[in-house]
Protein chains: 2
Amino acid sequence: MQILERARELERAGRDVVHFEVGEPDFPTAPTVVAAGIEALSTGRTGYTQALGLPALRAAIAARYGVEAGRVAVTTGASGALNLLAQVLVDPGAEVLVPDPGYPCNDVFIQAAGGVARRVPVSASTRFQLDRGALEDAWTPRTAGVLLGSPANPTGSVLRCADLVAMRDFVADRGFVIVDEIYNGLVYDAEDALAGEDLLFESALTVDDGIFVVNSFSKYFGMTGWRLGWLIAPASAMDAIERVAQNLYIAPPSVAQYAALAALQAPAMAVHEERRRIFARRREVLLDGLASLGLSVAQRPTGAFYAYADIGATGLDSETFCERLIEQFGVAVTPGTDFGAFRADEHVRFAYTVDEREIAKGIERIGEALRSLG
Amino acid sequence: MQILERARELERAGRDVVHFEVGEPDFPTAPTVVAAGIEALSTGRTGYTQALGLPALRAAIAARYGVEAGRVAVTTGASGALNLLAQVLVDPGAEVLVPDPGYPCNDVFIQAAGGVARRVPVSASTRFQLDRGALEDAWTPRTAGVLLGSPANPTGSVLRCADLVAMRDFVADRGFVIVDEIYNGLVYDAEDALAGEDLLFESALTVDDGIFVVNSFSKYFGMTGWRLGWLIAPASAMDAIERVAQNLYIAPPSVAQYAALAALQAPAMAVHEERRRIFARRREVLLDGLASLGLSVAQRPTGAFYAYADIGATGLDSETFCERLIEQFGVAVTPGTDFGAFRADEHVRFAYTVDEREIAKGIERIGEALRSLG
């Protein structure tokens, strides 16, 4: 966030900045989705909806998973979903295991509910994901559950099915498993190309029906500022979720919900798929560029729009590296310390939410930076 | 909420229902605001904004109060504002004093932050508001602050300036004062007509600059489903508020923010003022109707769009009364028990968010109901 602000400051002062720090697709919302939003506005659909969202939208989301609509809550972004789940599942003083590195806001959702996020280090040896062994080691009597992400931020890593099954088996009656799938759909390797890896390309719900799943219209569906997401929960949890949703949010934004109905339909889906192909090409340009600079990415990212690169060889810690890059070379990159503590000083996150030319320009500038260090 | 759901159920089954239960204006958003929303959509303004909102909107809100824009946070509804303030101001285990009856979600915001809402009974003798004596009696070493509402839900009562000053003086260094002003602007008595009453027609900020103020575009500005509100806080609290806002919400809805800029301008304000006049006429029709039925309203409501009526004379508790009304007479009214515990059994809330003809029809039906009881 500080890097993003500094980058904007420099731009206002006339500097040209290459943005590798932005966790938001650079595409506008698909035209048919915008048109549906305009239609909703034009027809006065600006009142509160039901607390858990429009029945038609809940049904459309449910159909994607083959679950009952009653298990879907439409939320104010994935943020709303994570907040509701933390409020419902985390008792004061309880611990929730989260991977380190991971999405930094998770800690705050858990803290806001009175719990404690316990960061468990992950590395390339487990695809930057938790596994059963890590859970067994970290689980204590105070542990309430685990919050995973797949594809993950900041590493773009995807869970292995077998790991998820093993973790679910271990957690079983001990607590809950939440999988944040906000980057679901943004996966760039052909499934069969990675068949041997046994990766979870679908939702975690396909592995176990009792897992709490979070998703959003923000990333794959390109609707960040609309603030709309959803969760799928076991039927038994829905009354508690509805009560908290009514009280803390009243309802998710109305116009966004009508627009989201269009986001799930074929014309918009064609746009989203085209954008996925664009992200796939950018990933190649970025990864090739980083390799050419000698910056290693220990785990080739399967999805999301991030690469988590090791900058240990530069001899700089990640915050100093990022500060030098933005101040001296006009390249904005996020330090690993934004995502946790484990080896965070040796890593930075690149987001490929800019076009290929910008990526190439950024790589060139980083090349200069590395030469000036050498 | 149960009444609202039951009313919709009956309507789907073909029954005609008069709605006195809906806490949402029945007007669509003003045309120029809708047009600004469409313009924002058409020009692709669908990305995240700053966590505390668009600088132009913060500045426009700040100008209404004569405060610095840095003290304004645009939020996801007043709900977002109340949640942020509870998270920032309430430590686990701390108590917050709230009036009983009052807005029921307040308890949940405080609980979500780990605190405890302590309900303090209020009655017509203090205009259904807390006063210094009540605070002194209820304050304990665990009390962190007080959360007031003016105009208040469910009573429509407005704080007396002298009471607010006295409460602020008492709270001083002991804790915080939050005033939820979500119904600000929806006041129906001419200020000079009530001059002797010394009522707070303006914001509580005019009384003391250190008070935390919450407001929203939902009620006076007719933008419920857009989910947009704001808070004003002392400058020293803004860093903490921003950090929590970034983590729990990312940003308020973008299109709503662009639309809200238009909501503050003259053409929309003329629409809002016309609607206020409509609410004022409805209030008269409702209050006259209730009086004709012998249902007393102990404190004539000054603002909001509610009347809190005493049904003790019917011999029924409020939930039974409301159930009979909806089931046998097709009139939806909210039981006092939705708003607290103090004499809640003897009260019901009427919302005049339906037109005068519907109000008259409802009064007629309630007359039948009362005769069938007599």
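Mentor: Let us begin with a definition: a disulfide is a covalent bond between the sulfur atoms of two cysteines. Here a pair of cysteine sulfur atoms is counted as one when they lie within 2.5 Å. Please keep in mind that this model is predicted.

Trainee: How many disulfides does a search of the whole structure find?

Mentor: The search finds zero, over all chains. Take C105(A) as a case: the closest cysteine sulfur, in C322(A), is 18 Å from its own, which is too far for a bond. C105(A) counts as buried because its relative accessibility is 8%.

Trainee: How should I read a sheet, and in what order do the strands of the open sheet stand?

Mentor: In chain A, seven strands form an open sheet with mixed pairing, in the order β2-β8-β7-β6-β5-β3-β4. Its edge strands, β2 (72-75) and β4 (116-121) of chain A, each pair on one side only. On average, neighbouring strands of this sheet are turned by 25° against each other, direction ignored.

Trainee: In which sense do β5 and β6 of chain A pair?

Mentor: Strand β5 (residues 143-149) and strand β6 (residues 176-180) of chain A pair in the parallel sense, over five bridges. Within this pairing, G145(A) of the chain stands opposite F176(A) in β6(A).

Trainee: What is the general idea for a helix?

Mentor: An α-helix has 3.6 residues a turn, so residues three or four places apart point the same way. In helix α7 (residues 161-171) of chain A, the buried residues are C161(A), D163(A), L164(A), M167(A), F170(A) and V171(A). Their cover includes α6 (132-138), β5 and β6 of chain A. Just after α7(A), A172(A) takes a positive phi of about 25°.

Trainee: Where is G23(A) found, and what is it in contact with?

Mentor: G23(A) is in the loop between β1 (18-19) and α2 (31-42) of chain A. Leaving aside neighbours within four places in sequence, G23(A) is in contact with K219(A), F305(A), Y306(A), R349(A) and Y48(B).

Note on methods. Residues are numbered from 1 along each chain as its sequence is written. Chains are lettered from A and ligands numbered from 1 in the order in which they are written. This is a predicted model: local features need pLDDT of at least 70, side-chain atom pairs count only at pLDDT 80 or more; totals for chains, interfaces and linings use all residues. Side-chain values use heavy atoms; hydrogens and water are left out. Two strands pair if DSSP finds at least two bridges between them. Helices (H or I, at least four residues) and strands (E, at least two) are DSSP runs, numbered from the N terminus. Axes are lines fitted to C-alpha atoms, for helices over the stretch in contact, and angles run from 0 to 180 degrees between N-to-C directions. Buried means under 20% relative accessible area, exposed over 50%, partly exposed in between (1.4 Å probe, protein chains only). Contact means heavy atoms within 4.5 Å.
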